[in-house]
Structures are given as structure tokens and as C-alpha cells.
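Visitor: Please show me the structure, and then we can go through some questions about it.

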Amino acid sequence: MKILIIHRYFWPDSPNCGNILWHISKHFEKEGHKVKVLTAFPSKKNLSVKSKISSYEVVNNVMIRRFYLAKESNGKYQRIYNAFKLGIVSTFEIFNNKYDIIITTSIPPVLGILLPTLASYFSKVRLIHFCMDIHPEIGKISGDFANPFFYKLLQAFDNWACKRASSIIVHSTDMKNSLLKRYESNKYKIDIINNFSIPIKPQSSSKCYFDIGVENNNLTLIFVGNIGRFQGLEDIINIMASISYRRDIELIIIGDGVIKDKLMNQVKIKRANVRFFDYQPLKNIKEAIQQSDIGLVTLIPEFIKYAYPSKTMTYLEQGKPIIACIENESELVKTMKNEGYGFGIPNSNIKLLPKLLINLADDSLWKNNMKQAALNAYQKHFSSEVILKKWSKILKKNNFIR
């Protein structure tokens, strides 16, 4: 069976979603399918392998076709141009080659699925929509799609495409329920498959590759990922500033993003016990998590309904419990509490966090039991073996494989 995967980012680019798709591609290939990926050249300037990558290459029997997209530093108009270009290239690819399945994603938002869905509709090819985030609803929260007419237009486009997908993959029941609130959502075919922590090759040496220096801490929190508008990290910095007298409680933030400079300045002014590290290779990130005591998951209100933080899986894989500063009624918090691997602090009542941090620092008896609960939860729900089997079942469930 021939499968085409269309996504803005792909291995070895840094976004986690592209690496997830790389492992899904290899899994499909091992099952005997012929997989082709349509993507852009890597986006990171400092990606050393960028100059070595060709437009066409075959890696692990997966064919990868890359094309150039413009830098998106110029704002939304450049992003719109790139989205249309990806859609047009995808359309030609679909019409010029015979595929059995097309897999689209929600990156870029709405336009990433619209043109490929049109092409699959006219060429009568089945389509799976991998809905990593729900748009344009997220854009309404962020203000990017605040204009009511523009928002309704984008939602109509996305709604039309989703109704024609043979399967829509989301990460959680929260995301599924959000989609079901749309008009004519009874025509949607929704399946739930979460992400997994990206595996890394075993190292021959046990040497620590990345030392964040936390020997004198009673409690080290870690946040890994995008430092952007939706994480609510400004409030977390204020919380850390309010307990700055407890120098044994520290927050480590690893990543990059649009508000990183703002947060670093906030930490400097308020003297919060927070340290920043730039984006790191995955093996370094996992080393840092291993040295920490607990992982931090935080989002602005309502956001959990339309996305699921993939950092959760990486924390659990390393045996780290979680502090989740999101809505208590979310699937993430309910599962976490039921299986005993974390603590929930509603993002509407973040003032409860300082007391929790102090209690955790003063009494370490929670660590061992929660570590085992975290490892158990990862193996049960989020390991690559569990998740990739679900992708295989999707093909069989929807009669892609006869």
C-alpha cells in the first residue's frame, strides 16, 4: 500500500511533531507499506545537516521529498504564503502519483488540510487527518483569528475537510469533545492516539552528556519545550519569585520561543530562582530531566481542549512525576491523579502552587512511589510500542488494508 504523509516539518528538523511522523513512517515501512513524505527543508538556521540534505532521498526505505519554503520571520503573510505553497505542491503530488492513503496534519493550520483534501476528494484517495492541534479554535484564543468573519470562514474550511476524512486522529478526549461541538460534527470519524517520547539510540558510555547542576536543590522543577504565548510561564515566574527565599527550590527551563527574552528579563528583575538553557539535542534534554525531580506542564486556560502537551510523555519516560497547571477536569489531570504520578494545580488558581512546592521540597517521601507510577503510566499509555500499534489498527479499522 502506498502512503503519502504531508507535513511542514520533518526529521531531522527540531519540532517534535516531525520526529513523531518519522517514527510512524518507519513503522509503516516495516509493516510492508511504501511510504513517501512531502515536507520542507529544515527550518533551523543552525541545523548542521541542512546543507547535506537533498530534495529527494530515501532513508530506511522511506522516500522523502523536500522543497524550499521562505523564512517566516516576516509574520503571518509569509506563513500564509508557505501554507498555500505546501498545499499546491501537495496537490500536484497527489494528482501525479497514485496513493492509497494520504495523511495530512494540522500544521500549517487549516490550509494544511484544505488543498490536500480537495485533491484526495477528486482523485478518490482516502485521507487521514492527524489533528495535532485544533484550528482555528486555537487561533481564536491567541487572537490570530480574532476577526469573527475570518474565524468562521476558516472553521467552515476545516469543517468541510474534516467531514471528508476517513479518520481524524486527536490526542485526547478533550480534543475529541471540542471537535464534536462543531456544526455537523456527527459526520466526523474521530480516533484518539496520543504521542510518545522520541526514542534515542542507546549510548555505549554512561557518561553524563549534559549537567544542569542541581546538587544543592531539595526540589528541581523542569520545563522543556516551546517558550511561547500559550504556556502561561509568566505566572510561573511570578510564583518562583514569591518563594525566592527558598534557594533549594529551582526551576529549569529548556527551549526557545517568542517570549523567552521577556521571561529572562522578568527573572532578572524579580530575582526568581529560575535558570534558562537554549534548545538542546534530545539526549541532553533527557539527561536534564533525569537530574530533575518533577516535570512542569502548564498552559493558559482553555488551551488543553485543543492540544495536548507532548512533553508529558518525555517526563514520564524518564520516571518523573508531573505538576500540571491546567484545568482539573482535563483528561491529563484526571489520568495523572488516578494513576498517582502527579499533582494538579488549576491554572485559574495558580496561587496554590507555592505551598505545594514548599511541601514537596520539605518532604521527599513522594518521590520513589511517584517515580514508579510515572514509569508504569508511560509503558501503559504512551510507549512507542503502544502508540504505533494503534496507528496500525487505524489502517485496519477503516478498511485501508483489505
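**Cysteines and the strand S10**

Guide: Cys 17 has a relative accessibility of 15%, so Cys 17 counts as buried. The model is a predicted one.

Visitor: How many disulfides does the structure hold?
Guide: A disulfide needs two cysteine sulfur atoms within 2.5 Å. The cysteine sulfur closest to that of Cys 17 belongs to Cys 131 and lies 13 Å away, which is too far for a bond. For Cys 162, the nearest cysteine sulfur is also that of Cys 131, at 6.1 Å, and Cys 162 is in no disulfide. The number of disulfides in the structure is 0.

Visitor: Is Cys 162 buried or exposed?
Guide: Buried means under 20% relative accessible area. Cys 162 has 0% relative accessibility, so Cys 162 counts as buried.

Visitor: How many of the 6 residues of strand S10 are buried?
Guide: Ile 249, Leu 251 and Ile 253 point one way from S10 and are buried. Glu 250, Ile 252 and Ile 254 point the other way and are buried too. Strand S10, residues 249–254, is therefore largely enclosed by the rest of the structure, and its buried residues number 6 of 6.

Visitor: Which residue stands opposite Ile 252?
Guide: Strand S9 (residues 219–224) runs parallel to S10, joined by 6 bridges. From S9 the chain passes through helix H7 (residues 233–242) to S10 in a right-handed β-α-β crossover. Opposite Ile 252 in S10 stands Ile 222.

Visitor: Which residue is the bridge partner of Ile 254 in S11?
Guide: S10 pairs with strand S11 (residues 274–277) in the parallel sense, over 4 bridges. Helix H8 (residues 260–270) lies on the chain's path from S10 to S11, and this β-α-β crossover is right-handed. The bridge partner of Ile 254 in S11 is Phe 277.

Key. Residues numbered from 1 in each chain as written. Predicted model: local features only at pLDDT ≥ 70, side-chain atom pairs only at ≥ 80, totals over all residues. Heavy atoms only, no water. Buried < 20%, exposed > 50% of the residue type's maximum accessible area, 1.4 Å probe, protein only. Helix = DSSP H or I, 4+ residues; strand = E, 2+ residues; numbered from the N terminus. Pairing = 2+ DSSP bridges. Right-handed = clockwise from strand over helix to strand, strands pointing away.
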